[in-house]
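Student: Hi, I have a structure open and would like to go through it with you. Could we take it piece by piece?

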Amino acid sequence: MTNVLGISDVYLFILAGFLGFQLILRIPPLLHTPLMAATNAISGIALVGSIVIAGQNYSLVTNLLAFIAVTCSTINVVGGFIITDRILKMFKKEGKKKP
Amino acid sequence: MSIIQSCYLLSAVLFILGIKFLSSPETARRGMHLALFGMIIAIVGTLFNAEIVTYFWIIGGLVLGTLLSLPISLWVPMTKIPQRIALSHAGGALAASLIGIAEYYRYSASLDSMNAGIIGAEVLLGSLTFTGSLMVAAKLHGILPARPITYKGQNFVNLTLFALMLGLLLYLILNPALNTTFYTILGLSLLFGVFLVTPIGAADMPVVIAIFNAYGGLVSAIMGFMLANRIQIITGALDGASGFILSMLMCKAMNRSIGNVLLGAFGKTEASTQNNQAGGAQDVPVKSLTAEEALAFFEQAKSVIVVPGYGMAASQAHHALREFVDKLKSKNINVKYAIHPVAGRMPGHMNVLLAEANVPYTDLYDMDDINPEFPHADIALVVGANDVTNPAARLVKSSPIYGMPILDVDKAKKVLVCKRSMNPGFSGIENDLYLQENTWLIFDDAKATLSKMAYGFKGGW
């Protein structure tokens, strides 16, 4: 909160958004469910923000709120990567034997 | 550049590569391993942040979160993936809102207008995504009725509420220190999430899940702006772009606009149109068959196209279907699967279920690729799909679904439909496909039918 929003951050957001559009348009419908699971896992990066807040000993209220936030984001990160891998593992080409 | 910043830069590159690798099933897993590596780098780097003075809450949250994540990732069945994804949208949005609240709680006295606006927007969008996604999950899981729940003046109430929230957000920007405004926005947004999803039926959930995916990304990016955390801005933008693309694709596949999905209460309105429309059509009897009789058709077939829909997921028929198809293939019958973009309850739902049943993904075809092949197919076997096969979308101008891209099932030489009953599909529209000369219906649970057919076919062979 001590930070002032720089114009470069807005650039970053817009350019990353364009990059995302280009990358994701190329993903076939076949993989749309794993894509959702994957972006879920990746957006669990909110964890890093939550960790910093949880580590600052400002007051019990902020600590508790951040604790819940860390828990939720961890669920998304760990759960998201596991389930994405589970889904992707199932996609097989013809002829390959069952695992 | 500090060590933490270098870690974040590296993980941003790894995330982008990870998403790039998702463009093919061959490389997708490798891509996710890269992304996971990036995530670990980012988390470990963060732990060395100089602002951290206590690790008690951090470690507690990490451990608890890991434990709680296992049941909803390792053991959740693939048929429940849509509600699982909706739940994780809710979790992500909740985390962002809580951090927004914590930051406001701490700095409310000294906030400038811009930061108040950022926090306000984060909490507004985060809270409505949280309750909205919970509603989606509850509807998909069957805790709440899947049908749209509507009342008179609903759109008016929702739009007023939304305008009120925006007004309050503006007021907060002008008076950043006013606690009441902030907490009212929080309360109203939580309420709005519930109201927003109430009138939306389960068949429209592919769009709604994708929209909340986009919101989740946006909230994450706003949180990045709030904390001046660039990695969150980047991933938020990627996630948001993904959600918006998916919702656009889903809307296109239903020939509707996002506004129409959110305000339209589809199933409801069409149910009434269907009543005056179907009167004449119902006089024509449909032809029905038993599973055993249907087998005779397959004895002479050379090529079969399978069209799965939500009914296949609902009756968990995908394993039985694959067994039957294996039998067909062993007799050198060419079998392909036709996947409509909005079949099922979320983008790509059918692909995942069929992959779970060990159907090779090379047998799955998207709508545009398979449609020219229907006229050459001996049999189109429809398993629990309805509206996406309705020729009215192509032919009947007055039909509510006119213009929606459909699978051209009606052009196949013979059409067999596994269907539980004559009830119309989710949109409530009568399907003219069932009245066609070359269509036969097999009334039963799809799983029972397909198991019988798989067994029976073996006997014949």
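Tutor: Gladly, and please keep in mind that this is a predicted model.

Student: Which residues does B:H89 touch, apart from its neighbours within four places in sequence?

Tutor: With those neighbours left aside, B:H89 is in contact with A:M36 and A:N40 in chain A, and with B:T129, B:S133, B:I209, B:F212 and B:N213 in chain B. B:H89 itself belongs to helix α4 of chain B, which takes in residues 81-107.

Student: And is B:H89 buried or exposed?

Tutor: Its relative accessibility is 6%, and because buried means under 20%, B:H89 counts as buried.

Student: Let's stay with chain A for a bit. What is it built from?

Tutor: Chain A contains 4 helices and 0 strands, so that, by the definition of these elements, reading along the sequence gives the pattern α-α-α-α. Of the 99 residues in this chain, 62% are buried. The accessible surface of chain A is about 4,000 Å², and 68% of that belongs to carbon and sulfur atoms.

Student: What share of the contacts in chain A join residues at least 24 apart?

Tutor: If you take the contacts in chain A between residues at least 6 apart in sequence, 61% of them join residues at least 24 apart.

Student: Which residues make up the nonpolar patch on the surface?

Tutor: That patch is formed by A:I7, A:Y11, A:I14, A:L15 and A:F18, which together have about 590 Å² of accessible area. To pick out one of them, A:I14 sits in helix α1 of chain A, residues 7-25, and with a relative accessibility of 43% A:I14 counts as partly exposed.

Student: Changing topic, how many salt bridges are there over all chains?

Tutor: A search of the whole structure finds 13 of them. One of the salt bridges is between A:D85 and B:R29, whose closest N and O atoms are 3.0 Å apart. A:D85 lies in helix α4 of chain A (residues 60-90) and B:R29 in helix α2 of chain B (residues 28-47), so this pair joins two chains.

Student: What does B:E26 pair with?

Tutor: B:E26 forms a salt bridge with A:K93, and here the closest N and O atoms are 2.8 Å apart. This pair crosses between chains, going from the loop between α1 and α2 of chain B, where B:E26 is found, to the segment after α4 of chain A, where A:K93 is found.

Student: And where are B:D363 and B:K329?

Tutor: These two form a salt bridge with their closest N and O atoms 2.3 Å apart. B:D363 is in the loop between α15 and β4 of chain B, and B:K329 is in helix α14 of chain B, so the pair ties together parts that are 34 residues apart in sequence. B:D363 counts as buried at 7% relative accessibility, while B:K329 counts as partly exposed at 25%.

Student: In what order do the 7 strands of the chain B sheet come?

Tutor: The order is β1-β7-β6-β5-β2-β3-β4, in an open sheet with parallel pairing. β1 and β4 of chain B stand at the edges with a single partner strand each, so one side of each is left without a neighbour in the sheet. The partner of β1(B) is strand β7 (residues 439-443), joined to it by 2 bridges, and in β7(B) the bridge partner of B:S288 is B:L441.

Student: Last one, how many residues of α9(B) are buried?

Tutor: In α9(B), 20 of the 25 residues are buried, so this helix too is largely enclosed by the rest of the structure. Just after α9(B), B:N255 takes a positive phi of about 55 degrees.

Conventions: Residues numbered from 1 in each chain as written. Chains lettered and ligands numbered in written order. Predicted model: local features only at pLDDT ≥ 70, side-chain atom pairs only at ≥ 80, totals over all residues. Heavy atoms only, no water. Buried < 20%, exposed > 50% of the residue type's maximum accessible area, 1.4 Å probe, protein only. Contact = heavy atoms within 4.5 Å. Patch = residues over 30% accessible without salt bridge, like charges linked within 9 Å, V, L, I, M, F, W, Y side chains within 5 Å. Areas by Shrake-Rupley, 256 points an atom, 1.4 Å probe, with all protein chains shown as cover. Salt bridge = Lys/Arg side-chain N within 4 Å of Asp/Glu carboxyl O. Pairing = 2+ DSSP bridges.
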